[in-house]
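Here is a set of exercises to work through with the model open in your viewer. Try each task before you read its solution.

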Amino acid sequence: MQSKVRLDFILAGMVAMLGMVRGLYLTTVWVLTPDGISVVADRLPYWDFTNLWAGSLMALKGHVAYLFDMAAYRQELRVFFSPLLPDHEWSYPPSILLIGVPFAALPIFPAYILWTLLTLLLLFLATKPLGLNLWARMLIVICPPPWST
């Protein structure tokens, strides 16, 4: 019993440390230039989500064809975000629009926060069948890969 308590204490400490490291990373990556580009990453802080959100917004506006025309897609992204935006490509199947369209109804930052929280919640729920204790499940959710930008 004492070793289980000690293990839980160690796991809690690991969760806290990973959370602090991740928090430090997130606070630095969200320092933005006036154009909205991350000073640290030299791109949008929500890089991959940008494609889902913006592609879905283009679809809502009736411009699905932009998703398959690289020049038009990149131009529209630069209109949405910044003329200095590095190149992006649409890399999803069209069916992902069914998931992305509800998020495109929100401004990008709240949509990104909601997307991230829902994704982490689903990851946490998916760990339940593994039979791990709460701390181990939280460690899986808090570790850096699920939070990649």
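Predicted model: local features only at pLDDT ≥ 70, side-chain atom pairs only at ≥ 80, totals over all residues.

Residues are numbered from 1 along each chain as its sequence is written, and side-chain values use heavy atoms, with hydrogens and water left out.

**Exercise 1.** Find how many helices and strands the protein has, and what share of its residues is buried.

*Solution.* Start with the secondary structure: there are six helices and zero strands, taken as DSSP runs numbered from the N terminus (helices H or I, at least four residues; strands E, at least two). Along the sequence this reads α-α-α-α-α-α. Next comes burial: 33% of the 149 residues are buried, where buried means under 20% relative accessible area, exposed over 50% and partly exposed in between (1.4 Å probe, protein chains only). Last, look at contacts (heavy atoms within 4.5 Å): of those with a separation of 6 or more, 56% join residues 24 or more positions apart.

## The core

**Exercise 2.** Which residues of the largest nonpolar core touch the most other members, and which element gives the largest share?

*Solution.* A nonpolar core is a set of buried Ala, Val, Leu, Ile, Met, Phe, Trp, Tyr and Cys residues joined through side-chain atoms within 4.5 Å. The largest one has 23 residues, and Tyr46, Phe49, Trp53, Leu77 and Phe81 touch the most other members. Two or more residues each come from helices H2 (47-60), H3 (70-80), H4 (97-104) and H5 (108-126). H2 gives the largest share, with seven residues.

Now zoom in on Tyr46, in the loop between helix H1 (2-29) and H2. Tyr46 has a relative accessible area of 10%, so it is buried. The C-alpha atoms of Tyr46 and Ile113 are 9.7 Å apart in space, although 67 residues separate them in sequence.

**Exercise 3.** Where do the buried residues of H5 lie around its axis, and what do they pack against?

*Solution.* Then list the buried residues: Ile108, Ala111, Tyr112, Thr116 and Leu120. They line one face of H5, because they fall within an arc of 160 degrees, taken from the directions from the helix axis to the C-beta atoms. Leu117 and Leu122, on the other side, are exposed. The buried residues pack against H2, H4 and helix H6 (134-142).

## Aromatic rings

**Exercise 4.** How many aromatic pairs are there, and at what angle do the ring planes of Trp53 and Phe81 meet?

*Solution.* The whole structure holds nine aromatic pairs; rings of Phe, Tyr and Trp (its six-membered ring) pair if their centres lie within 6.5 Å, and planes under 30 degrees apart are stacked, over 60 edge-to-face and the rest tilted. Trp53 and Phe81 have ring centres 5.8 Å apart and planes at 55 degrees, so this pair is tilted. The pair joins Trp53 in H2 to Phe81 in the loop between H3 and H4, 28 residues apart. The rings of Phe80 and Phe81, with centres 6.3 Å apart and planes at 90 degrees, are edge-to-face.
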